[in-house]
Amino acid sequence: LLMFDAFHDVAEKAKSGNAHAKAVVQSWADGEWFKKRPTLADKISLRVFKVTGETNTDDLSPAPDAWSRPDIPLHALAMLKMARDGIVPDVQGSIGPMKQIEEMRGQGFPIAYVGDVVGTGSSRKSATNSVLWFFGDDVPYVPNKRAGGFCFGTKIAPIFYNTMEDAGALPIEFDVSNINMGDVIDVYPYEGKVCKHDSDEVITTFEMKTPVLLDEVRAGGRIPLIIGRGLTSKARAELGLPAFDLFKTPDQPAESTKGFTLA
C-alpha cells in the first residue's frame with residue numbers, strides 16, 4: 001500500500017516489458033492484497049469485558065499520563081486506573097485492572113470491550129491504542145502496537161467509532177444491557193444478532209452502520225481499504241479492465257432539495 005504514490009512508476013515499467021512490474025500491476029488489479037486476507041467468521045465467540053456507565057477517553061487514556069502516550073504498552077497500564085463498578089485497579093489511581101484482564105485472558109476466547117456508552121471525549125487515538133493493546137491482535141513486524149479487536153456499546157461516540165474503524169477493529173452499536181462482565185457471547189456479524197454462547201437464545205440484534213465495515217475489518221482498517229481500493233481501481237483502468245465488484249460500496253443517501261443550514 002505504500003506504493004500508492006508510485007503507481008505510475010510501476011505502470012511505466014510494466015509497459016516497458018518488466019515482467020515483475022507486470023505481475024505487480026496484475027496483482028493489484030485482481031485485488032490480491034484484499035483476497036488473501038481472511039474474512040470475518042460467520043460466528044465469533046467472545047468473552048465480555050464490560051465497563052458499565054460511560055467510558056470517557058480520559059478513562060482509557062488519562063490526561064495526567066499523556067507523557068507516555070507514544071509508548072503504547074506503558075501508557076495502557078493507566079487504562080481504567082480509577083475503581084468503578086466491576087473494575088478493580090491493581091493500584092488505585094496509578095495502574096488499571098491488569099490482573100483482572102490477565103485472569104480473563106486465561107479463561108479462553110478473545111475478549112471484547114463492551115460498555116453502555118463508549119469513547120466520549122477527545123483523546124480517541126490514544127484511547128483506542130490502550131483498548132487494543134489488551135484486546136487487539138499483534139501487527140506483524142510492528143512492535144508495541146496492536147490492531148483489530150472488538151468494541152461494542154449501546155452508544156459509541158462517533159470519532160471513537162471512526163478511530164476504531166481506522167485500526168481495523170469491529171465497532172458495533174447494540175443494546176448491551178443484558179450483557180455482563182465475563183459472559184461469553186456469540187456474535188453473528190452477517191446475521192446481525194448476538195446470542196448466548198452455544199445457544200440459539202438471542203440477546204440482542206443490530207445493524208451495521210455501513211456495509212463497508214466488514215471490508216474495513218478484512219483490509220486491516222479503513223485507511224488501508226481506501227488506499228488499496230484506489231490502487232486496485234487504478235490498476236484495472238491501466239489494464240483496460242472493467243470495474244470490480246470485489247468491494248462493498250457505501251449506501252448512497254437519498255437525494256434532497258432541502259439544502260444546508262449554516263450550522
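Helix H8 spans residues 158-166, where helices (H or I, at least four residues) and strands (E, at least two) are DSSP runs numbered from the N terminus. Within H8, Phe160, Tyr161, Thr163, Met164 and Glu165 are buried, meaning under 20% relative accessible area with a 1.4 Å probe and protein chains only. After H8 comes Gly168, with a positive phi near 80°. Keep in mind that this is a predicted model, in which local features need pLDDT of at least 70, side-chain atom pairs count only at pLDDT 80 or more, and totals for chains, interfaces and linings use all residues. Residues are numbered from 1 along each chain as its sequence is written, and side-chain values use heavy atoms, leaving out hydrogens and water.

Now let's turn to a strand. Thr204 sits in strand E9, residues 202-205. Thr204 counts as buried because its relative accessibility is 11%. Setting aside neighbours within four places in sequence, Thr204 is in contact (heavy atoms within 4.5 Å) with Phe174, Asp175, Lys193 and Val194.

Next, a helix pair. Two packed helices are described by the angle between their axes and the distance between the axes. For H1 (residues 7-15) and H10 (residues 222-238), the axes come within 11 Å and cross at roughly 30°; axes are lines fitted to C-alpha atoms over the stretch in contact, with angles running from 0 to 180 degrees between N-to-C directions. H1 and H10 are therefore roughly parallel to each other, the term for angles under 35 degrees. On the H1 side, Phe7, His8, Ala11 and Lys15 meet Leu231, Lys234, Ala235 and Glu238 of H10.

Notes:
Buried < 20%, exposed > 50% of the residue type's maximum accessible area, 1.4 Å probe, protein only. Parallel < 35°, antiparallel > 145°, perpendicular 65-115°, else oblique.
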